[in-house]
Amino acid sequence: ALREYQEAQEKLEVLRSQIGDATIKRTMPCFEQMQNRHETLAAQQRVIEGLMDCAKTAKASYNSTLRELERINNAVHTARQLHSSRPLQETPETTPEAAEVDPEVSISDQKEKLGGISACGPNCACSACITLGT
């Protein structure tokens with residue numbers, strides 16, 4: 001390590017003699033300014049990375065919330081549709097337990113189960129009615 005240091009010092013002296021002390025002194029403020037700008041840039045990049053992480057977390061939370069709201073919306077519409085199509089006498093298919101939405105049941109199975117009946121109305125444009133095609 002000492003030998004490497006001595007070699008670097010020798011190269012420095014050779015370069016200094018080639019360039020000249022006056023040139024080094026004249027350009028030194030530019031190098032100091034460049035170093036300061038690099039430090040500022042690095043700090044700004046860390047801030048940007050932190051903001052990007054926050055945005056990524058917020059986006060994931062937002063998407064999760066939208067999925068949950070969609071699930072609730074579909075459950076409400078399914079319950080309304082089952083309630084509006086229920087006969088006067090309860091059968092095992094129309095009990096309140098059957099009205100619960102099973103997230104494992106496919107959209108086509110739910111649509112087939114509901115028979116295309118919409119409790120929202122004929123011109124409803126909610127996502128559940130659009131998804132179920134009612």
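How many residues apart are Arg71 and Glu68 in helix 2? In this predicted model, Arg71 and Glu68 lie three residues apart in helix 2, which means that about one helical turn separates them. The two residues form a salt bridge whose closest N and O atoms are 2.7 Å apart; Arg71 is partly exposed at 43% relative accessibility, and Glu68 is partly exposed as well, with a relative accessible area of 37%.

The protein has four helices and zero strands, and of its 134 residues 11% count as buried. Its accessible surface comes to about 10,900 Å², with 58% belonging to carbon and sulfur atoms. Among contacts with a separation of 6 or more, 55% are made by residues 24 or more positions apart.

Helix 1 (residues 2-19) has 18 residues and should span 26 Å at 1.5 Å a residue, which agrees with its end C-alpha atoms being 26 Å apart. Just after helix 1, Gly20 takes a positive phi of about 100°.

The count of salt bridges is four, and the table lists some of them.

| Salt bridge | N to O distance |
|---|---|
| Glu7 and Arg3 | 3.4 Å |
| Arg16 and Glu13 | 4.0 Å |
| Arg71 and Glu68 | 2.7 Å |

Glu7 and Arg3 are four residues apart in helix 1, about one helical turn; Glu7 is partly exposed at 37%, whereas Arg3 is exposed at 62% relative accessible area. Arg16 and Glu13, three residues apart, also lie in helix 1, and a network of salt bridges links Glu13, Arg16 and Asp21.

A nonpolar surface patch of about 450 Å² is made by Tyr62, Leu66, Leu69, Ile72 and Val76, of which Tyr62 is found in helix 2 (residues 21-84).

Definitions and conventions
Residues numbered from 1 in each chain as written. Predicted model: local features only at pLDDT ≥ 70, side-chain atom pairs only at ≥ 80, totals over all residues. Heavy atoms only, no water. Helix = DSSP H or I, 4+ residues; strand = E, 2+ residues; numbered from the N terminus. Buried < 20%, exposed > 50% of the residue type's maximum accessible area, 1.4 Å probe, protein only. Contact = heavy atoms within 4.5 Å. Areas by Shrake-Rupley, 256 points an atom, 1.4 Å probe, with all protein chains shown as cover. Patch = residues over 30% accessible without salt bridge, like charges linked within 9 Å, V, L, I, M, F, W, Y side chains within 5 Å. Salt bridge = Lys/Arg side-chain N within 4 Å of Asp/Glu carboxyl O. Expected span 1.5 Å × (residues − 1).
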